[in-house]
Amino acid sequence: MNEKEKLLLTYIEENPFMTQQEISERSNMSRSAVAGHISSLMKQGKILGRAYVLPRRKGITCIGGANVDRKFQFIDRMIPETSNPATTEQTTGGVARNIAENLGRLGSEVNLVTVVGEDTEGSWILDQTKTHVDISASQRLSEATGTYSAILDVDGEMMFALADMNIYEKIDIPFIEKRWAVIGSSEMVMLDTNFPPDVIEYIIRRCASEGVPLTIIPVSAPKVKHLPESLEGVTWFICNKGEAEMYLGMEIETEGDFFKAAKAITQRGAERVVITRGEMGLIYYTAYQEASAILPPKVDVADVTGAGDALVAGIIYGYLKGSDTDGSCRIGVSCSTITIRSHFTVSPTLNQGNLQEEFSSYFN
């Protein structure tokens with residue numbers, strides 16, 4: 001939107017029944033100019049129909065990766081340079097897709113903006129996702145569907161992972177523009193860093209200019225480089241230690257370093273920053289100078305894969321339900337502990353009832 005369109009939208013929000021002549025007189029624009037701007041606003045999805053019916057922000061739109069996740073877990077301690085017995089498992093994955101499914105299982109209205117290949121894996125991902133998530137804004141391309149392969153030790157802890165996400169390099173700004181009516185009307189946008197840097201910066205800038213709440217999740221230390229220097233307009237920035245170090249170009253070694261890093265990210269424009277610490281839980285710091293550490297409860301770990309995605313989904317869910325920063329983070333931790341007790345990247349037992357029970361068990 002340009003400045004004149006923003007001004008007209010303000011008038012229409014105040015009184016959706018204003019005539020074009022009344023808008024013309026109030027804005028000192030000609031009636032024909034007003035008609036042109038209103039036509040443009042309708043094409044952008046900012047006005048839905050006559051009487052200037054405005055879109056109500058609703059639902060959460062998750063933008064980013066949807067992959068096939070493959071897990072290889074050692075049956076015993078790894079012996080280098082030889083064949084090691086292992087178990088394998090294949091599930092649907094991708095940070096944006098996983099967070100979308102978690103939110104859908106919690107009863108939220110969720111849209112997913114992603115791309116998958118015109119292959120068997122792409123069909124499988126969409127079929128598995130559409131039960132909990134609206135996938136109508138996603139698209140299939142003549143590329144191979146993205147894959148993520150995690151190598152877990154005998155205790156279920158991730159040793160390292162390999163990612164083939166080349167399909168996301170095909171995403172450009174026009175792809176996002178075509179879906180902006182969905183994205184811009186969202187109650188919250190969740191963006192991972194799988195898409196190219198210019199696309200990510202476009203989404204950040206447009207959400208900021210239109211007042212759309214935005215949560216950013218760097219998917220890995222290498223892809224944190226896709227983010228711009230400025231995070232103005234970002235509501236939540238949730239990352240792990242390695243991603244924070246890469247983004248800021250600093251080392252985090254002490255408890256104090258975690259808070260220094262989070263504060264530095266708020267100084268780049270993010271309102272609320274969460275840095276996860278594995279078994280040590282998380283710390284948060286906000287632009288309102290709220291700061292604390294949250295330790296997770298002790299639970300039996302089946303598999304840590306997907307814990308971070310569940311954490312993010314819980315934080316967004318709690319925030320949109322009206323929880324403060326600390327409460328939202330504790331809800332996120334509760335979602336995470338439900339997930340790590342299962343062997344699935346997204347726990348099939350996650351729902352509102354189980355989340356309430358988990359939260360009450362550890363934080364009430």
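1. A residue is called buried when its relative accessible area is under 20%, exposed when that area is over 50%, and partly exposed in between, using a 1.4 Å probe and protein chains only. By this rule Ser334 is buried, with a relative accessible area of 1%. Ser334 lies in helix α12, residues 325–340. Leaving aside neighbours within four places in sequence, Ser334 is in contact (heavy atoms within 4.5 Å) with Leu355, Glu358, Phe359 and Phe363.

2. On the source: this is a predicted model, in which local features need pLDDT of at least 70 and side-chain atom pairs count only at pLDDT 80 or more, while totals for chains, interfaces and linings use all residues. Residues are numbered from 1 along each chain as its sequence is written, and side-chain values use heavy atoms, with hydrogens and water left out.

3. The chain has 13 helices and 14 strands. Its radius of gyration is 22 Å, close to the 21 Å that the globule rule gives for 364 residues, so the chain is as compact as a globular protein of that length. The radius is taken over C-alpha atoms, and the rule is 2.2 Å times the number of residues to the power 0.38. Helices (H or I, at least four residues) and strands (E, at least two) are DSSP runs, numbered from the N terminus.

4. Along the principal axes, the C-alpha atoms fill a box of roughly 80 × 45 × 40 Å. Of the 364 residues in the chain, 52% are buried. Among contacts between residues at least 6 apart in sequence, 63% join residues at least 24 apart.

5. His37 lies in helix α3, residues 31–43. Not counting residues up to four places away in sequence, His37 touches Asn2, Lys4, Glu5, Leu8 and Met29.

6. Most residues other than glycine have a negative phi. Glu81, although not a glycine, has a positive phi of about 65°. Glu81 sits in the loop between β2 (67–74) and β3 (86–93) and is exposed, with a relative accessible area of 86%.

7. Gln289 also has a positive phi, near 65°, and is a residue other than glycine. Gln289 is found in the loop between β13 (282–286) and β14 (291–294). At 65% relative accessibility, Gln289 counts as exposed.
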